Amino acid sequence: MHPVLRTVLQRLGLGVLTLIVVSVVIFSSLELLPGGYAENILGQGATPETVANFKKELGLDRPAYVRYFEWIGGVAQGDFGASYSGVGGTNKREVAHVIAPRLYNTFFLAILTAIIAVPLSLFLGVMAALYRNSWYDRIVNAVTLTTIAAPEFLIAYLLMLLFALKWKWFPSLSTVGETTPFFEHLYRAALPAITLTLVIVAHMMRMTRAALINLLASPYMEMAKLKGVPAREAIVKHALPNAWAPIATVVAFNLAYLVVGVVIVEVVYVYPGIGQLMVDSVSSRDMPVVQACALIFAATYILLNLSADVVSIITNPRLLHPK
Amino acid sequence: MTEFEMKMKSAQKAVGLGKLSRRDFMQFAIASGVTISAASIMFAQAARAEPKKGGVFKAGIGHGQTTDSLDPATWSNGFTFGWGKSVMGAPLVQVNQKNEPVPHVAESFEPADGAKKWIFKIRKGITYHDGKTLTADDVVATINYHIGPDSKSPAKGVLSNVVSVKADGPDTVVFELNGGNADFPFLLTDYHLSIYPSEGGKIMWEKGIGAGPYVLKSFEPGVKLVADRNPNYFKETYFDGIELLSIIDVAARTNAYLSGEVHFIDRADLKTIDMLKSAPETELYNVSGFAHYTAPMHCDAKPFDDVNVRQAIKYAINRQDLVDKILFGYGSPGNDNPLSPSMKYAINAEPVYSYDPEKAKSLLKKAGLENIKVDLSASDAAFPGGVDAALLMADHAKAAGIEINVVREPNDSYWDNVWLKKPWSLCYWGGRPTADAFLSISLAADAAWNDTNWKNPRFNELVVAARAETDEAKRQAMYAEAQQLVHDDGGQVVLMFNNYVGALSTKIGHNEFNTDYDHDGGYMYERWWMA
């Protein structure tokens, strides 16, 4: 079997196992947390009687393992169940329907950010490796390290202050909906995308730089230099192909972060993404939604890591064509 | 009033009615000797003063969750409560600015049999958003939805003394209570109780179709709600449409207001309120309401079982300091009476509990104690700044020989596991319309929310008697005595009354505000207009 295919199949099998473990862990931690959905929704208005009625309506009066197996049985058949928030009415709020628009928004923002951030950091990284220890290198390092070190919300507020309040180039609210036209969505998502770009560029850019500089010390790069290959060409043609593996790993890691970890940026810009949905659902113990979000997050990590590994195999002839 | 003032007044009125243009008004005013800038301000005031139709009102609200639902039994936050008051829903009774109940979906109401029976006449010809007519059966079905045996609605507790509700003919509904209640119409102003269409005795809330001033257009839980004016609404409403945006982060909310994305924000950040106040075209929405923050002590737990200890603690807390530091001055100190001073029947009970460590010490001595050490369970879930307030209280009480150990409790599940369970905790109470509601909801011995475990037979007697009493003077006397008892003997430390503070664009016109709840009592969508 081809090594790429084998890796993919192996990883996918392990991935399914991981997902099951994740679902058990999330389910039991939700069970362990004090309070429940009924108590949280009713707040101060929770009397033992109303809570009992609410729980009965939700089916929460049954033992936890019964609910878990019922749920995972549904998932195996592609049914993620219904959010607790639609219970009692005739139109259930299917988890898929709750999550789909949020997931779309999250992917929209993640892809938009990636389109800006990945080429930018590769370019900055290659240039930094090329002109290492120059003023350019130092300034790029200082700036990107500052933006990664500053908390996300601070960057978000600063950008909002400048671009939304002072110069009024962009809106301060990024509330988008299912009916928002594409270009308005783009316009409203611009500030969050810039914020996230500032947050992730440093990591990718420095990895690119480090991987390249590491290679520049190897004998074949010296050979290239000795035979008269210009510095720029040496890096792009000879060093970069061998640096893809570590770069791909870091890029995958940052892309995963864009999908699962941007809740603060979502809150500050009021961008309806999946992070906010998950936080809300955890705090109100809306188990079906939390579980579905957790599975999506875990799957995102698994798939992105897998693609990073595939990239490193493909770019490495020794792994691609084993003896 | 001089002749000039009268003329100016009528000119302003003409502006308000749209009969006089800005140019004509300015010419008139300047000819009368008013400066240009003064005339311009007068025009703006006049133009705002009279309601007119049009415009889309956008509100940035500091509440809202992805689990919000159109089910009226689950409404519990600032995003959803307005729906039942003046968006999709219309309840039987509204509260007016003077805090009196006024008929709404009901045309009139009257008590019978010593206020044990209430007869509501339903307004004729009210239609729902889908064109169906509102009937007495719908009213019965709505009430039953909340008080029925399977109900999960918080309104169940509010209406606990309703024995039965029946339709009597097509437009009359009769409520039977288990005891007289002169304030009963107030209970029906609750935001859960807006009337919904019904079929076979079951209400249909799923589509958000009610009889209220706005027709639901779209709703994304935790994000926004959009609604258009209901052209067939049975009362006057002004905006063409409204948009409610859920903006939880206070800085984001402030920025949304400052950049003009919304006309109104609630729960303004008090730390930066001076900056917000000076923003252009901004009116501070600052309403001192009935809501308050409390620190309930369990009167059956040591050492709070001694009234001297309770009083010592009441004297050992510097409430003005709490108002200054936790509310930044936007509130007023409490005096261990849950009724706000502006409320009907409220008294300012003597002696006023001001900060007096010496007095606290002498009270402790009277209880046979020198120093005491008590735990105070605190969390920001109880009210914003709860933990800071508890630490300040610990600092104040030190001087009186009372050592308060602040236990920081998790925000999650605070209401299930801490409040009502721990001997001393923090709590808040929102707006409730009547003296009876405040006194019976948490202080009566049998109340589900008796968070002080205070059982005072005389007090219970008074509250029940006053509830049914229709003679104003007697009622006043009974409530005064009941409040004095709470103040002297109860375990409720009323720390402070918090104002509702927000920012409102001067583009929005309004009348006097309601004080019972935030958002102009929840009626802002119906009452305000685009100036």
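**View 1. Helix 13 (residues 274-284) of chain A packs with helix 14 (residues 287-314) of chain A at an angle of about 140 degrees, their axes lying 8 Å apart.** The model shown is predicted, so local features need pLDDT of at least 70 and side-chain atom pairs count only at pLDDT 80 or more, while totals for chains, interfaces and linings use all residues. Residues are numbered from 1 along each chain as its sequence is written, and chains are lettered from A and ligands numbered from 1 in the order in which they are written.

**View 2. The pair formed by helix 13 and helix 14 of chain A, seen through its contact residues.** Helix 13 of chain A contributes A:I274, A:L277, A:M278, A:S281 and A:V282, and helix 14 of chain A contributes A:V289, A:V290 and A:C293, where contact means that C-beta atoms, placed from the backbone, lie within 7 Å. By class, this contact has seven nonpolar residues, one polar and no charged, with Ala, Val, Leu, Ile, Met, Phe, Trp, Tyr, Cys and Pro counted as nonpolar, Asp, Glu, Lys and Arg as charged, and the others, Gly among them, as polar.

**View 3. Helix 9 (residues 190-216) of chain A and helix 11 (residues 231-260) of chain A pack at about 150 degrees, with axes 8 Å apart.** Helix 9 of chain A is therefore roughly antiparallel to helix 11 of chain A, a term used for angles over 145 degrees. Among the residues that make the contact are A:H203 and A:M207 of helix 9 of chain A, together with A:N242 and A:P246 of helix 11 of chain A. The residues of this contact divide into 18 nonpolar, four polar and no charged.

Definitions and conventions
Axes fitted to C-alpha atoms, helices over the stretch in contact; angles between N-to-C directions. Helix = DSSP H or I, 4+ residues; strand = E, 2+ residues; numbered from the N terminus. Parallel < 35°, antiparallel > 145°, perpendicular 65-115°, else oblique. Contact = placed C-beta atoms within 7 Å.
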